[in-house]
Amino acid sequence: MFADGNGVNTDFASKNVLVCGLAKSGISAAKLLAAYGANVTAQDIKPTVDWQPEHPNIRLFLGRNPDEILTNFDLVVISPGVPFDLPFLQKARLLGIPVWGEVELAYTFRKTPIIAITGTNGKTTVTTLVGEIMRRINHKTVVVGNIGVPLCDCVAELDTDALIVAELSSFQLETVHDFSPEISAVLNISPDHLDRHKTMAIYKKMKARIYAKQIPEDYAVLNYDNPLTRSMLPACKTVFFSAVSGLAGKEAAVFLDDGIIKARMYGKNSEIVDLREINILPENALAAAAICLCADVEPTIIADVLRNFKGVEHRVEYVTTMDGVDFYNDSKATNIDSALKGLEMIQRPIILIGGGYDKQADFEPWVWAFFGKVKLLIVLGQTADKIIETCKLCGFTAFEKVSTLEDAVKLARKTAESGDTVLLSPACASWDMFRSYEERGKRFKEIALNQK
């Protein structure tokens, strides 16, 4: 099914490595490097971190950037949250010091095949689905990456007959070089993270790095319905999926035909599942099916997992019903496109809670979708005023501004009537008020479940 892995790299012994950013992936990278004999300096701009390294080869360097010590290192490894264009990283590259991300580091240790999945929206759902499907044929499948478990946590310990399913963000792909999965997927591309990537052209280029080093025998799965992914040109076998086109003339395709997911894979045709039997967005089901067909999974296995899939936490997640009002947590909707899909999935009148960290998004398409669906928009966070201005521009007047998530839920509860839905779907990242969208979603659920 897959080419052989590239084997464990033991060349880090006695090398001096700087690891920047001590969240999950940075800590994981530091531990892995130290275990293989590297002398690790673990750096973070914060003066204190919630980690005390136990390995004698790891020393902490906190509270400032490492400009004055750069010349001492053979390699720099950065966490996804560390911008690639920081001055000290530009200096490192000028000095000829390689700058990797945690994903690239993990790849040098991998002995197992990799399925890698990226996209603006749907990554976590599709990665989770693919992981569940692949475990049906390989119980040694691990699901890692942007989904919450760093690749460095497990990659060196996996046997050659294991399988990695990795969710990768544009931040992670920004720092890959030789990384080359056997199967890649780009689910969609829409405006997001422009505060970091600046332009859509650069953002698309980052996503395209997922397949840049694949060879002709590998597979790339692309969304035909998204103009930016449809225009991508991998050098390997390309499999398109579509919810609106039968993809006539395509040798390999997964598509909808009268509400049924069907596949055409190099002369082998199959019916997989009727959409009426599943509770998943069609494009996510199509993508997962396409990826797993590339891995030679039988359609009956794919169909069974799709029918029984219960969803992903923080993605239009049902929380509770109180006095006839449903509460849903869609905290993972951190951009406009994802928030629009959240609105589509709720069929009752909506009291919408939105706003958060400003990623320089254009909120107009989101606001236009409120008409006929959203009874009241409750906004908070860094983008609150920007969203209100957009509402005024579009002529949407049913909005209120609050200071905290607690205030938002309290107002929603007071306003909602039986038959309504209170939906947290921010269309923004969480970093202005919370450490992550997970923390934001968990707090929303706590507040909702404790309402009286």
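**Figure 1. Accessible surface and overall build of the protein.** The accessible surface of this predicted model comes to about 18900 Å², and carbon and sulfur atoms hold 50% of that area. Of the 452 residues, 57% count as buried. The fold contains 15 helices and 20 strands. Its radius of gyration is 23 Å, close to the 22 Å that the globule rule gives for 452 residues, so the protein is as compact as a globular protein of that length. The C-alpha trace spans about 65 × 60 × 35 Å along the principal axes. Among contacts with a separation of 6 or more, 63% are between residues 24 or more positions apart.

**Figure 2. Charged side chains across the protein.** The protein carries 49 positive and 56 negative side chains. The centres of these two sets lie 2 Å apart.

Figure 3. Strand β13 covers residues 260–265 and includes K262. The relative accessibility of K262 is 18%, and the cut-off for buried is under 20%, so K262 counts as buried. Its side chain makes a polar contact with the side chain of D257, at 2.8 Å. Leaving aside neighbours within four places in sequence, K262 is in contact with A253, V254, F255, D257, S270 and E271.

**Figure 4. E182 and its partner R110.** E182 is placed in the loop that runs between α5 (170–173) and β9 (183–186). With a relative accessibility of 5%, E182 counts as buried, because buried means under 20%. The side chain of E182 makes a polar contact with the side chain of R110, at 3.2 Å.

**Figure 5. K111 and the backbone oxygens that its side chain reaches.** K111 belongs to the loop between α3 (102–107) and β6 (114–118). The K111 side chain reaches the backbone oxygen of A156 at 2.9 Å. A polar atom of that side chain also lies 3.0 Å from the backbone oxygen of L158. I164 is 53 residues away from K111 along the chain, and the C-alpha atoms of the two residues are separated by 9.9 Å.

**Figure 6. D296, a loop residue with a positive phi.** D296 sits in the loop between α9 (282–294) and α10 (299–308). Its phi is positive, about 70°, although D296 is not a glycine. The relative accessible area of D296 is 56%, and exposed means over 50%, so this residue is exposed.

**Figure 7. A427, a buried loop residue with a positive phi.** A427 is found in the loop between β20 (421–424) and α15 (437–449). A427 is not a glycine, yet its phi is positive at about 65°. With a relative accessible area of 3%, A427 is buried, because the cut-off is under 20%. D296 in the previous view is exposed, whereas A427 is buried.

Key:
Residues numbered from 1 in each chain as written. Predicted model: local features only at pLDDT ≥ 70, side-chain atom pairs only at ≥ 80, totals over all residues. Heavy atoms only, no water. Helix = DSSP H or I, 4+ residues; strand = E, 2+ residues; numbered from the N terminus. Rg over C-alpha atoms; globule rule 2.2 N^0.38 Å. Buried < 20%, exposed > 50% of the residue type's maximum accessible area, 1.4 Å probe, protein only. Contact = heavy atoms within 4.5 Å. Areas by Shrake-Rupley, 256 points an atom, 1.4 Å probe, with all protein chains shown as cover. Lys, Arg positive; Asp, Glu negative; His and termini not counted. Charge placed at Lys NZ, Arg CZ, Asp CG, Glu CD. Polar contact = N/O pair within 3.5 Å; in protein donor to acceptor, adjacent residues only side chain to side chain.
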